[in-house]
Amino acid sequence: RHGAVKNEDTFKTSPFHLDLWFYFTLQNWVLDFGRPIAMIILPLEWFPLNKPSAGDYFHMAYNVITPFLLLKLIERSPKTLPRSMVYVSIIMFVMGASIHLVGDSVNHRLIFSGYQHHLSVRENPIIKNLKPETLIDSFELLYYYDEYLGHSMWYIPFFLILFIYFTGCFTPVAEESRMPAAALLLMGPSSLYYWYLVTEGQIFILYIFTFFAMMALVMHQKRKGLVLDSNGLFLFYSFIITLVLIALWVVWLWNDKILRKKYPGVIYIPEPWAFYTLHMNNLHAAKESF
């Protein structure tokens, strides 16, 4: 029966999934973080502005590979997990990532026309002078699909699947609660990617609630004499390091008045690409002027 926890599952342990965590980290860095970089550095004549960019093809590969890896991760859980919830989450993940693909493709291509990510849609010089003005509403709709609807349908299922997997990462054997050296090496790149995911995706609330749920589960299971296995420790410690990186990022940009204007809410977490178009683009322009 789907979702039922079998008695024999309770005390099963699972070795560290070096292959899956390595593939996750590699494809996250190459296909997600690397896609806007590939779009910028590759010659524009290879990928005209009215055609998909190299980053779009990276995104398409990400949309196929990541759901497959998530399913393989769930399959390796020592505990029988709610399959129906997993399948629905995977479907929503693919839908959200695909919506994001379209919106992100157009938004990043606008960089070549002078679009500045540190400004809102209506404040951008190339947008606010459009005629008729109803075209601006269309760009705001595109931004909504990219940054809000796409991100929500992408990241909520992603973190939900990670948490569902995390619920099965407990063992009564203290010796199993150790990470191999390979896990320690992967923890840095993995945490840094989650920092990028949270800051660029503007999903700090989702991330912090997932982290609090993980902490609560750890404390609850500890009362039963259960501890995290190596996979659970890897995921849990990666989230802790991510929180530290986010805090350092916010402290560093705390007094940036322009970014403060773009992110006026109580939770101030600037996007890395907004920082890039604000500061790094200016730096490149200054170098080219010499």
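Helices here (H or I, at least four residues) are DSSP runs, as are strands (E, at least two), and both are numbered from the N terminus. This is a predicted model, in which local features need pLDDT of at least 70 and side-chain atom pairs count only at pLDDT 80 or more, while totals for chains, interfaces and linings use all residues. Residues are numbered from 1 along each chain as its sequence is written, and side-chain values use heavy atoms, with hydrogens and water left out.

**Empty space: the cavities**

- Rolling a probe the size of a water molecule over the atoms shows where empty space is left.
- The search uses a 1 Å grid over the protein atoms alone: a cavity is a set of points where a 1.4 Å probe fits but cannot get out, a pocket is an open set with protein on both sides within 12 Å along at least five of seven lines, and lining residues have an atom within 4 Å of a point.
- Grid points are joined across faces, edges and corners, and a volume is the space filled by probe spheres set on the points.
- Going through the whole structure this way turns up four cavities of 30 Å³ or more.
- The largest cavity comes in at about 170 Å³.
- Its lining counts 19 residues, and Asp 104, His 108, Glu 147, Glu 200 and Glu 271 are the ones nearest the centre.
- Helix α5 hands over the largest share of that lining, five residues.
- At least two lining residues come from each of α1, α3 (83–109), α5, α6 (181–201) and α10 (272–289).
- Sorted by class, the largest cavity's lining has eight charged, six nonpolar and five polar residues; Ala, Val, Leu, Ile, Met, Phe, Trp, Tyr, Cys and Pro count as nonpolar, Asp, Glu, Lys and Arg as charged, and the others, Gly among them, as polar.
- Next is the second largest cavity, with a volume of about 70 Å³.
- Among the residues lining the second largest cavity are Arg 35, Met 39, Asp 56, His 59, Asp 104 and His 108.
- Helices α1, α2 and α3 are the elements that give two or more residues to this second lining, and α3 gives the most, with four.
- The second largest cavity's lining splits into five polar, three nonpolar and three charged residues.

- The largest pocket has a volume of about 370 Å³.
- Of the 16 residues around the largest pocket, Tyr 143, Glu 147, Tyr 148, Gln 202 and Glu 271 sit nearest its centre.
- Helix α5 (residues 134–166) gives the most here too, with seven residues.
- The pocket lining is made up of seven nonpolar, five polar and four charged residues.

**A helix pair: α1 and α2**

- Helix α1 (residues 18–41) packs against helix α2 (residues 54–75) at an angle of about 160°, and their axes are 9 Å apart.
- Those axes are lines fitted to C-alpha atoms, for helices over the stretch in contact, and angles run from 0 to 180 degrees between N-to-C directions.
- α1 and α2 are therefore roughly antiparallel to each other; angles under 35 degrees count as roughly parallel, over 145 as roughly antiparallel, 65 to 115 as roughly perpendicular and the rest as oblique.
- The contact of α1 with α2 involves 16 nonpolar, six polar and three charged residues.

- Buried means under 20% relative accessible area, exposed means over 50%, and partly exposed is in between (1.4 Å probe, protein chains only).
- Gln 202 is in the loop between α6 and α7 (204–223), and its relative accessible area of 35% makes it partly exposed.
- Phi of Gln 202 is near 55°, a positive value in a residue other than glycine.
- Most residues other than glycine have a negative phi.
- Leu 186, in helix α6, is buried because its relative accessible area is 10%.
- Leu 186 and Phe 22 are 164 residues apart in sequence, yet their C-alpha atoms are 7.1 Å apart in space.
- Asn 231 belongs to helix α8 (residues 230–252) and counts as buried, at 0% relative accessibility.
- From Asn 231 to Cys 169 is 62 residues along the chain and 6.6 Å between C-alpha atoms.
- Tyr 165, in helix α5, also counts as buried at 0% relative accessibility.
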